[in-house]
Amino acid sequence: METKTRHTIEFDTYPDIAALPAADAALLRQARTATRDAYAPYSRFRVGAAALLENGEVLTGTNQENASYPVGICAERTVLSVASGLHPNVPVLAIAVSYDNELAPSVAPIAPCGICRQTLMEYQARYQRPIRLILAGLSGQVIVVTDSADLMPLSFSANSMK
Ligand code: THU
């Protein structure tokens, strides 16, 4: 007889940036501004991420594409590498993600891809702190996920190799 396990995920939805807690709104503004720095000549989908570190510093990153498409890297992993490269021992507390899509309006949140979710898990485990996600387009609804691990149930981690 099998045992069924069901995972439910919880996230908060706000109608727009004005409804957010002030710290989240500030980070989202920086992610929106960062979309201008993306290198996305192939998709024309410019993603900006802003990470808040435990020391109060905010760092930004953007997607970096390549003529060999699979070589491209998402904004979320760029900003995590920037943070870890500059401040290897400072936990990342929150990441805001926004995008500017040349081909359609940017009015709804996007959520991190699978590789980025796996990467977020690695940094959460490393820093022993949940990473909060603030997700939105250039306008409209905002989604807040308080613990990135909620997006990655039944995952592979260092523990899986013990
Ligand atoms: N992309 C990100 O940077 N973050 C996401 O959350 C979703 C997708 C990038 C990858 C690629 O450069 C472009 O957006 C289109 O997929």
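User: What volume does the second largest pocket have?

Analyst: This is a predicted model, where local features need pLDDT of at least 70, side-chain atom pairs count only at pLDDT 80 or more, and totals for chains, interfaces and linings use all residues. Residues are numbered from 1 along each chain as its sequence is written, and side-chain values use heavy atoms, with hydrogens and water left out. A pocket here is an open set of points on a 1 Å grid over the protein atoms alone where a 1.4 Å probe fits, with protein on both sides within 12 Å along at least five of seven lines; lining residues have an atom within 4 Å of a point. With volume taken as the space filled by probe spheres set on the points, joined across faces, edges and corners, the second largest pocket comes to about 160 Å³.

User: How far is the polar side-chain atom of Glu65 from an oxygen atom of the ligand?

Analyst: Polar contacts are pairs of N or O atoms within 3.5 Å. A side-chain N or O atom of Asn63 is 2.9 Å from a ligand oxygen, and a backbone N or O atom of Ala75 also lies 2.9 Å from a ligand oxygen. For Glu65, the distance is 2.5 Å.

Key
A polar contact is a pair of N or O atoms within 3.5 Å; within protein, one must be able to donate a hydrogen and the other to accept it, and residues adjacent in sequence count only if both atoms are side-chain atoms.
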